[in-house]
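Please look over the sequence and the structure shown below, and keep both in view while reading the report that follows.

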Amino acid sequence: MTILIEKPEIESQAECQKHVEENNELVLDGGFPVPTCLSDDGFLAPEINSFGHSFSRDYDAESERQKSVEEFYRQQHINQTYDFVQQMRKEYSKLNRMEMSIWECCELLNEVVDDSDPDLDEPQIQHLLQSAEAIRKDYPDEDWLHLTALIHDLGKVLLLPKFGGLPQWAVVGDTFPLGCAFDEANIHHKYFKENLDYNNPAYNTKNGIYSDGCGLDDVTISWGHDDYMYLVAKENGTTLPSAGLFIIRYHSLYPLHKEEAYMHLLNDEDKENLKWLRIFNKYDLYSKSKVLVDVEKVKPYYLSLIEKYFPSKLKW
């Protein structure tokens, strides 16, 4: 299914500044202020994250937090192999951990901290709602995109004991294809040299076991919360459009949608959905704030979307 929308009108920098001066900020019904003006590519990125520092995704910056992030990627790059992912997909496709609603999972996610994210130190549900509310403002008619933003990180429950208590490197962080060469666009690429697949002749060429234009559905991606939530949504019969499922499944595939690596593997549908993923990513990355959403105030709206696109209870 392909969804078409009109691109939002882009304000000039002068109009943007004038509006900020006259009206300060727009506040959504959840109490979340969102900049009303957009950059040339359609989104005004805030300058600081929840720590008061820039949203640079600068994994080389010198700090204790950044050092822990690098250690995370060392472990991830060594342990995420093609065989490991096949094993995880087989195990978690059973969806036999528990039954609960989407909103119950949103609340459960508050117990999770993502060690791979250098920009976020708030409860996960706040990030979900901040992203969703920001998108809701700029794309008010695309309710499927609001809900996609709300649920995109729910797979992080894999970190909790009742879901297997997987290590951080098996749940969060940037994802990447397996079964082909590790592109140098991957963050901390040097650690792949210790991965068992690195010297496997079947996997260490550009295409590896794949062919040009094969489509991402046929490509094995490193295991984590993205693929798990995709499995949950698909197997429970969601009616979200393919673009929503694509966002959920590949929003951590930064080498692709940020660096344009692995583009040769995409088919035509992937390329269309990638446009939506790039729109979503700006809100996913730049909507992390110390300004908290009033959860109870926005809850009725998101419950109505959950009812529209999902069954009341899902198998996880």
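Where is histidine 251 found? In this model, which is predicted, histidine 251 lies in the loop between helix H8 (242-250) and helix H9 (254-257). Its relative accessibility is 2%, so histidine 251 counts as buried, the cut-off for that word being under 20%. Leaving aside residues up to four places away in sequence, histidine 251 touches His152, Asp153, His225, Asp226, Phe246, His257, Leu277, Phe280 and Asp284.

## Salt bridges

The count of salt bridges comes to 15. One of them joins the side chains of lysine 156 and aspartate 153, with a distance of 3.3 Å from N to O, and aspartate 153 is buried at a relative accessible area of 3%. Salt bridges that share partners also join Arg89, Asp217, Asp227 and Arg249 into one network.

Another salt bridge is formed by glutamate 133 and arginine 136, whose closest N and O atoms are 2.8 Å apart. Both residues lie in helix H5 (residues 124-138), where they are 3 residues apart, or about one turn of the helix. An α-helix has 3.6 residues a turn, so residues three or four places apart point the same way. Glutamate 133 and arginine 136 are both buried, and the charged end of arginine 136 sits over the ring of tyrosine 301, 4.0 Å from the centre of that ring. A further salt bridge, between the side chains of lysine 258 and glutamate 259, has an N to O distance of 3.1 Å; here glutamate 259 is partly exposed, because its relative accessible area is 42%.

## Aromatic pairs

How many aromatic pairs does the structure hold? There are 14 aromatic pairs. In one of them, the rings of tyrosine 82 and tyrosine 203 have centres 5.3 Å apart and planes at 35 degrees, so this pair is described as tilted. The pair links distant parts of the chain, since tyrosine 82 belongs to helix H3 (residues 82-92) while tyrosine 203 is in the loop between S4 and strand S5 (220-221), 121 residues apart. Tyrosine 82 is buried at a relative accessible area of 18%, and tyrosine 203 also counts as buried, at 13% relative accessibility.

Tyrosine 92 and tryptophan 223 form a stacked pair, with 5.7 Å from centre to centre and 25 degrees between the planes. This pair, too, links distant parts of the chain: tyrosine 92 is in helix H3, and tryptophan 223 is in the loop between S5 and helix H7 (225-235), 131 residues apart. Both tyrosine 92 and tryptophan 223 are buried. Elsewhere, ring pairs link Tyr139, Trp144, Trp276 and Tyr283 into a cluster.

## Helix H2

Helix H2 (residues 64-79) has 16 residues and reaches 23 Å from its first C-alpha to its last, which is close to the 22 Å expected at 1.5 Å a residue. Which residues of H2 are buried? They are Gln66, Val69, Phe72, Tyr73, Gln76, His77 and Ile78.

Conventions
Residues are numbered from 1 along each chain as its sequence is written. This is a predicted model: local features need pLDDT of at least 70, side-chain atom pairs count only at pLDDT 80 or more; totals for chains, interfaces and linings use all residues. Side-chain values use heavy atoms; hydrogens and water are left out. Helices (H or I, at least four residues) and strands (E, at least two) are DSSP runs, numbered from the N terminus. The expected span of a helix is 1.5 Å times one less than its number of residues. Buried means under 20% relative accessible area, exposed over 50%, partly exposed in between (1.4 Å probe, protein chains only). Contact means heavy atoms within 4.5 Å. A salt bridge is a side-chain nitrogen of Lys or Arg within 4 Å of a carboxyl oxygen of Asp or Glu. Rings of Phe, Tyr and Trp (its six-membered ring) pair if their centres lie within 6.5 Å; planes under 30 degrees apart count as stacked, over 60 as edge-to-face and the rest as tilted. A charge sits over a ring if NZ of Lys or CZ of Arg is within 6 Å of the ring centre and within 35 degrees of the ring normal.
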